[in-house]
Amino acid sequence: MIVLRSIYQNHLVLNCLCGHVGKITVKDLITKYGGDITVDAVEKAVRCSRCKGNNITSTQIIYIGSSELAMSG
């Protein structure tokens with residue numbers, strides 16, 4: 001289980017059953033849910049901004065930024 005505070009510099013991409021793909025910063029999720037919540041719990045808590053359902057089919061953790069920073073570990 002991945003805790004949000006361990007990936008605070010990343011984004012989550014959430015794919016809904018309706019076909020909508022949403023992207024949100026982990027920092028925004030930490031502000032709303034706290035740093036101790038897991039990615040699995042976020043999947044269950046969030047709702048799609050298009051269909052308003054909570055039918056998340058998959059989630060990706062992505063880093064957006066300079067590849068130099070991503071590669072430095």
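User: Let's start with a side chain. Is aspartate 36 buried or exposed?

Analyst: Keep in mind that this is a predicted model. Exposed means over 50% relative accessible area. Aspartate 36 has 58% relative accessibility, so it counts as exposed.

User: Which residue forms a salt bridge with aspartate 36?

Analyst: That would be arginine 5, and the closest N and O atoms of the pair are 2.8 Å apart. A search of the whole structure turns up 1 salt bridge.

User: OK, on to the strands. In what order do they form the sheet?

Analyst: The order is S2-S1-S3, in an open sheet of 3 strands with antiparallel pairing. S2 and S3 are at the edges with a single partner strand each, so one side of each has no neighbour in the sheet. On average, neighbouring strands are turned by 20° against each other, direction ignored.

User: How many bridges join S1 to S2, and how many pair S1 with S3?

Analyst: S1 and S2 (residues 21–25) are joined by 5 bridges, and asparagine 15 stands opposite valine 21 there. S1 and S3 pair over 6 bridges, with valine 13 facing glutamine 60 in S3. As for the helix side, H1 packs on the sheet, where it touches S1 and S2, and its direction makes about 75° with that of S2.

User: What about backbone angles? Which residue has a positive phi although it is not a glycine?

Analyst: Here's the general idea: most residues other than glycine have a negative phi. In this model, lysine 52 has a positive phi of about 65°. You'll find lysine 52 in the loop between H2 and strand S3 (56–62), and at 54% relative accessibility it counts as exposed. Glycine 19 also takes a positive phi, near 105°, in the hairpin of S1 and S2, which has 4 residues between the strands.

User: Last one: which residues make up the largest nonpolar core?

Analyst: Generally, nonpolar side chains in soluble globular proteins tend to be buried together. Here the largest nonpolar core has 10 residues: Leu4, Ile7, Leu12, Leu14, Val26, Leu29, Ile37, Val39, Val42 and Val46. S1, H1 and H2 are the elements that give two or more residues to this core.

Conventions
Residues are numbered from 1 along each chain as its sequence is written. This is a predicted model: local features need pLDDT of at least 70, side-chain atom pairs count only at pLDDT 80 or more; totals for chains, interfaces and linings use all residues. Side-chain values use heavy atoms; hydrogens and water are left out. A salt bridge is a side-chain nitrogen of Lys or Arg within 4 Å of a carboxyl oxygen of Asp or Glu. Buried means under 20% relative accessible area, exposed over 50%, partly exposed in between (1.4 Å probe, protein chains only). A nonpolar core is a set of buried Ala, Val, Leu, Ile, Met, Phe, Trp, Tyr and Cys residues joined through side-chain atoms within 4.5 Å. Two strands pair if DSSP finds at least two bridges between them. Axes are lines fitted to C-alpha atoms, for helices over the stretch in contact, and angles run from 0 to 180 degrees between N-to-C directions. Contact means heavy atoms within 4.5 Å.
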